[in-house]
Amino acid sequence: MPKNSKVTQREHSSEHVTESVADLLALEEPVDYKQSVLNVAGETGGKQKAVEEELDAEDRPAWNSKLQYILAQIGFSVGLGNIWRFPYLCQKNGGGAYLVPYLVLLIIIGIPLFFLELAVGQRIRRGSIGVWHYICPRLGGIGFSSCIVCLFVGLYYNVIIGWSIFYFFKSFQYPLPWSECPVVRNGSVAVVEAECEKSSATTYFWYREALDISDSISESGGLNWKMTLCLLVAWSIVGMAVVKGIQSSGKVMYFSSLFPYVVLACFLVRGLLLRGAVDGILHMFTPKLDKMLDPQVWREAATQVFFALGLGFGGVIAFSSYNKQDNNCHFDAALVSFINFFTSVLATLVVFAVLGFKANIMNEKCVVENAEKILGYLNTNVLSRDLIPPHVNFSHLTTKDYMEMYNVIMTVKEDQFSALGLDPCLLEDELDKSVQGTGLAFIAFTEAMTHFPASPFWSVMFFLMLINLGLGSMIGTMAGITTPIIDTFKVPKEMFTVGCCVFAFLVGLLFVQRSGNYFVTMFDDYSATLPLTLIVILENIAVAWIYGTKKFMQELTEMLGFRPYRFYFYMWKFVSPLCMAVLTTASIIQLGVTPPGYSAWIKEEAAERYLYFPNWAMALLITLIVVATLPIPVVFVLRHFHLLSDGSNTLSVSYKKGRMMKDISNLEENDETRFILSKVPSEAPSPMPTHRSYLGPGSTSPLETSGNPNGRYGSGYLLASTPESEL
C-alpha cells in the first residue's frame, strides 16, 4: 500500500482507529462500480474471481410467490406425524388433557424457536451450515449435525412413503385385499390362514403380505423385493421433485401441500356421518386430568412439537434463506404454527371419528360372538335359562341387553365365570386400544375403511394423501441436506442431489429387508430424538447467549421494520433454554430407566411382543447418536485451538450495484485490512450490521432514531449483513 495513503497514515498515527470501511470509502473518489470491483484486501487473479463468485451469489434462487413459500413450509412441517403420531399421543395421554401440555410447549418453545430459525435463515441467506458458522463459528458444527439428522430421518421416512405407495396400488381392487383372511388348502379341506385367524385380516396383510416381517431384528430374512421396488419409486419421485431446487420443489408443493386438506375434509364429513363417530370424538375430548401431571406426557409433547415444526432439521432455515430480506417472517411463524396445530387437531377428529365407527363395529361383533357362546352354554345346560332376562331376544340382541345378561351371569356364576370365557364387550375398551404410528394408519384406519361403502375409493384417497404428506416433508428434509452443502462447498446442485438420492436408496435397503421395520423403529424413536433436542438447545444458546438476544432483536427490528414482541426476548433468553434442558435431562433418564426396544411380530403367536435391542443393535444405536452429535464438539475444539479457520481474520470488500460485499479469503495474519477494521482476527465484525445496541424490551427502535436519508454512512453504499443480503 502506498506510504501516503490514508490507511498507512492512520496506521502510523497515534490516533485510535475508529472509522469503518464504509467511512473510509466515503472519502474516496467516486467509483464506477458497474465496471470495476474494489478489493480492499488487494487480491488479484484467483481471489478477484472468488469475489466475483460471491457477487454472483446475488442471483440466489427465490420463491416465485409468498404463497409458494408458505406452502413449502406447511408441506415440510405438516407430515405423517400429524396424521398418526399426534392422534396416538392424544389417545395414549388422556385425550383432551394432552392438548394442554402440547399447547403450552408450542407457545413457549415451538413458536419462538420456529420464528428464530425463520429469521436467521432469511437474514443470513444460507443453509444451516452457513448460518451457524456466521452466528458463532465455534458452534458451526450445529449445521453439520443438522445435515446428518436430516439424512437419518430421510432414510427411514422415504421407506414409509414406499409402504404408502404399495398400499396405494393395492387399493385398486374390490374387495380390498386386506378385508378378508386368505384361505389355504390342507389337502381337500379349505381352512383360514391360522396367523390371520388369530389376529385380523388387516393385521395379517400388514405384517405378512406387505412387510413379510421376521420374528426379531436379528433375523434379517433377506430383501423384500416388493418394498424394494416401492422404495425405488419413492426415491425417484423425491429426486425429480428436488433436483432443480426450489424451482422444481416449489411447483410440487402446490399439490402436495393442498391435496391432503381436501382428503381430510372429505374424511371428516364422511366420518361424522358414520354410526358411532360421536362416541370416538367424545372419547378424544374427554380429558383425563391425572395425565397432565405425568412428566412422560410433557416429554412426549415437547418431542412432538420439535418434529411437528421441523425444528433443528435445517429445512426451515433452508426454505427461509430463499426469501427476500423484507419478508415478514414473524407472521409466517405464527401462520405456519397455527396451521400445523389445526391440521393435527383436524386429523385427530378424523381418526377418532373413524375409530369410533370401527369401535362400534368391533363391539357389535364381540356381542354376537359372546352371545353365541352363551347360547351354546344354554343348549348344553352349562347355564340355566333362568339366568337370561325374559325381555332378551337373541335374534336382535343389543349391547345394553348383552351387558345386563353378562352382569347376571357374572354375579351368579362367580366361581366358574372365568372358565366361561365371556368378554364384557365394552365400547370404552375398544376406544382405549392405542395403536401407535404405522399401526394406526396401516392397521386400524385401514380396517375401518373396509367397512365404508365404496371402500377402494376411500383407500386410494387415503394413501395418496399419505404419499403427498410424506413427499412434502421429504422435500424439506432434502433441502436441509442439499442447501447447506451446496452453499458451503459450491458443489453442482443437480449432480449432488441425484447422488444423495442414489446413496440414500442404497443405504435404505436396510429398511426393506424382512427385519426392516424394526430398524425404522430404531431410527424413528431413538437415533434422531436426542441429537435433535441437543441441536435445538445449541441453536437457542448460540443466538440468545453468544450472539446476544438484544443484538438479535435489534437486527430483527431493522429487517422486519417493527420491533418483535418482548415475549420472544424472554422466551429466547430464559424460558426456552430452561425447558429444553429439562427435556434433555428427562430423555437421558428415560433411556437409562427403560432400555430401548421394539415391538416384534411373532408369527407363531400372531401377536406383538416387546423385545429389547440386542447388544449389537444397541452398539449401532449409540453409534448413530454419536455420529449425529460428533460434529458439534469436533468443530468447537478445532476452532477453539485455531486448527480450523473460521474466516474471522479475512475480509475483502467489493462494490457492485451500490452494495459492499464481503468475501472470505486467506489473508496473512498481519494484513493491513486488520488495521482498516481496527480489529484483531478474533474480533471480526458480525455478518449482521452493527447499529446502536438494542436495549431490550421497551427500548426505542433504531429505526426511530435514524435521521440519515442516504443510509447509515451517508454515501449511498450499504454494508450487507451477508454476501447476498440487501438492506
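The crossing of α13 and α22 is left-handed. Left-handed here means that the near helix is turned anticlockwise from the far one by less than a right angle; clockwise would be right-handed. This is a predicted model, so local features need pLDDT of at least 70 and side-chain atom pairs count only at pLDDT 80 or more, while totals for chains, interfaces and linings use all residues. Residues are numbered from 1 along each chain as its sequence is written, and side-chain values use heavy atoms, with hydrogens and water left out.

Back to the helix pair. Two packed helices are described by the angle between their axes and the distance between the axes. For α13 (residues 259–272) and α22 (residues 455–489), the axes come within 9 Å and cross at roughly 145 degrees. Axes are lines fitted to C-alpha atoms, for helices over the stretch in contact, and angles run from 0 to 180 degrees between N-to-C directions. Helices (H or I, at least four residues) and strands (E, at least two) are DSSP runs, numbered from the N terminus.

Who meets whom? On the α13 side: F259, P260, V263, L264, C266, F267 and R270. On the α22 side: W458, M461, F462, L464, M465, N468 and L469. Contact means heavy atoms within 4.5 Å. The residues of this contact divide into twelve nonpolar, one polar and one charged. The classes: Ala, Val, Leu, Ile, Met, Phe, Trp, Tyr, Cys and Pro are nonpolar; Asp, Glu, Lys and Arg are charged; the others, Gly among them, are polar.

At 46% relative accessibility, V262 counts as partly exposed. The scale is: buried under 20% relative accessible area, exposed over 50%, partly exposed in between, with a 1.4 Å probe and protein chains only. The C-alpha atoms of V262 and M461 are separated by 9.7 Å, at 199 residues apart along the chain. Then R270: it lies over the face of F452, 5.7 Å from the ring centre. The rule for a charge over a ring is NZ of Lys or CZ of Arg within 6 Å of the ring centre and within 35 degrees of the ring normal. K573 also lies over a ring face, that of W545, at 4.0 Å from the ring centre.

Next, ring against ring. Rings of Phe, Tyr and Trp (its six-membered ring) pair if their centres lie within 6.5 Å; planes under 30 degrees apart count as stacked, over 60 as edge-to-face, the rest as tilted. The count comes to 56 aromatic pairs. Take Y207 and W601: stacked, 4.4 Å centre to centre, 10 degrees between the planes. Y207 lies in helix α10 (residues 201–210) and W601 in strand β3 (residues 597–602), so the pair ties together parts 394 residues apart in sequence. Y207 is buried at 6%, and W601 is buried at 4%.

Now F338 and F342. Their ring centres are 6.4 Å apart and their planes at 20 degrees, so this pair is stacked. They sit four residues apart in helix α17 (residues 329–379), separated by about one helical turn. F338 is exposed at 55%; F342 is partly exposed at 44%.

A241 is in helix α11 (residues 225–242) and is buried at 4%. Not counting residues up to four places away in sequence, A241 touches S248, S249, V252, L471 and I475. S576 is in helix α26 (residues 566–593) and is buried at 0%. With neighbours within four places left aside, S576 contacts I108, I109, P112, N540 and M571.

Backbone next. Most residues other than glycine have a negative phi, and most peptide bonds are trans. Where does this chain depart from that? Y174 and P175 are joined by a cis peptide bond, omega about -5 degrees. P175 is in the loop between α8 (141–170) and β1 (183–186). R125 has a positive phi, near 55 degrees. R125 is in the loop between α6 (99–124) and α7 (128–135), and is buried at 10%. A454 has a positive phi of about 55 degrees as well, in the loop between α21 (438–449) and α22.

Last, the whole chain. The secondary structure comes to 30 helices and seven strands. Of the 727 residues, 55% count as buried. Among contacts between residues at least 6 apart in sequence, 79% join residues at least 24 apart.
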